[in-house]
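Biologist: Hi, could you walk me through this one? I'd like the overall picture and then one residue up close.

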Amino acid sequence: MKLVLIRHPKPDVAVGTCYGRTDLDLPDGWSTQAGHVKSWLNKNLKGDVYFQHSPLKRAALLGQHLNTASTAEDELVELDFADWEGKLWKMIPQQEIQKWGENLEFNTPFNGESLMDVRSRLDTWWQRQKNCGLENLVVVTHSGVIKVLVSMLCNWPLNQAYTIDVGFCSVTELSVNGDYITLKRLGAGDWVV
């Protein structure tokens with residue numbers, strides 16, 4: 001199976017805002033980048049293609065744009081920052097951010113989800129997907145989800161997931177053959193200007 005992970009377009013939110021589960025709109029013009037993604041998929045995926053997306057608007061709109069049969073999967077939502085949602089990062093107490101950084105896998109000074117919580121729900125999702133015989137699975141989701149999935153599937157340390165760079169509308173591609181997984185493309189968005 002070819003597994004293609006796509007990050008949603010840049011949402012309509014002030015720069016420097018902490019958002020995870022917050023359901024944000026997309027600004028006018030988002031469909032231009034979406035068109036580039038769709039062209040890339042049409043050119044690079046052969047055979048049957050199945051589409052899934054996070055139920056949050058910024059991913060759902062892209063998922064439906066790419067394929068109207070795309071289905072929402074609750075496990076694909078972004079990390080829940082709870083108390084930090086909607087706050088500017090610079091307004092969050094530095095000691096809380098430092099506490100989170102001391103153990104990214106398990107700490108949640110914001111009363112939301114840890115990376116391990118996200119990994120657990122993604123593992124549940126992955127168990128349903130990995131053996132269903134799909135040729136191509138396209139997943140439209142969020143930066144945190146992509147970072148955790150890549151770490152999980154490639155057996156990379158979860159506490160280093162933050163180092164993976166996933167741009168808006170970027171494509172991460174993995175080849176899955178049983179338990180053997182190869183990373184083909186990481187967070188690339190050649191069409192992004």
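Modeller: Happy to! One term before we start: strands here are DSSP runs of at least two residues, numbered from the N terminus. Also keep in mind that this is a predicted model.

Biologist: Got it. Where is glutamate 173 found?

Modeller: Glutamate 173 is in strand E5, which covers residues 171-177.

Biologist: Is glutamate 173 buried or exposed, and why?

Modeller: Glutamate 173 counts as buried because its relative accessibility is 11%, and the cut-off for buried is under 20%.

Biologist: Which side chain does the side chain of glutamate 173 make a polar contact with?

Modeller: That would be lysine 2, at 3.4 Å.

Biologist: And what else does glutamate 173 touch?

Modeller: Leaving out residues up to four places away in sequence, glutamate 173 touches Lys2, Leu3 and Val4, then Trp40, and also Thr182, Leu183, Lys184 and Arg185.

Biologist: Nice. Zooming out, how many helices and strands does the chain have?

Modeller: There are five helices and six strands. Starting at the N terminus, their order is β-α-β-α-β-α-α-β-α-β-β. The radius of gyration is 16 Å, close to the 16 Å from the globule rule for 193 residues, so the chain is as compact as a globular protein of that length.

Biologist: What share of the residues counts as buried?

Modeller: 47% of the 193 residues.

Biologist: Changing topic: how many positive and negative side chains are there?

Modeller: The chain has 19 positive and 23 negative ones, with the centres of the two sets 5 Å apart.

Definitions and conventions: Residues are numbered from 1 along each chain as its sequence is written. This is a predicted model: local features need pLDDT of at least 70, side-chain atom pairs count only at pLDDT 80 or more; totals for chains, interfaces and linings use all residues. Side-chain values use heavy atoms; hydrogens and water are left out. Helices (H or I, at least four residues) and strands (E, at least two) are DSSP runs, numbered from the N terminus. The radius of gyration is taken over C-alpha atoms; the globule rule is 2.2 Å times the number of residues to the power 0.38. Buried means under 20% relative accessible area, exposed over 50%, partly exposed in between (1.4 Å probe, protein chains only). Lys and Arg count as positive and Asp and Glu as negative; His and the chain ends are not counted. The place of a charge is taken as NZ of Lys, CZ of Arg, CG of Asp or CD of Glu. A polar contact is a pair of N or O atoms within 3.5 Å; within protein, one must be able to donate a hydrogen and the other to accept it, and residues adjacent in sequence count only if both atoms are side-chain atoms. Contact means heavy atoms within 4.5 Å.
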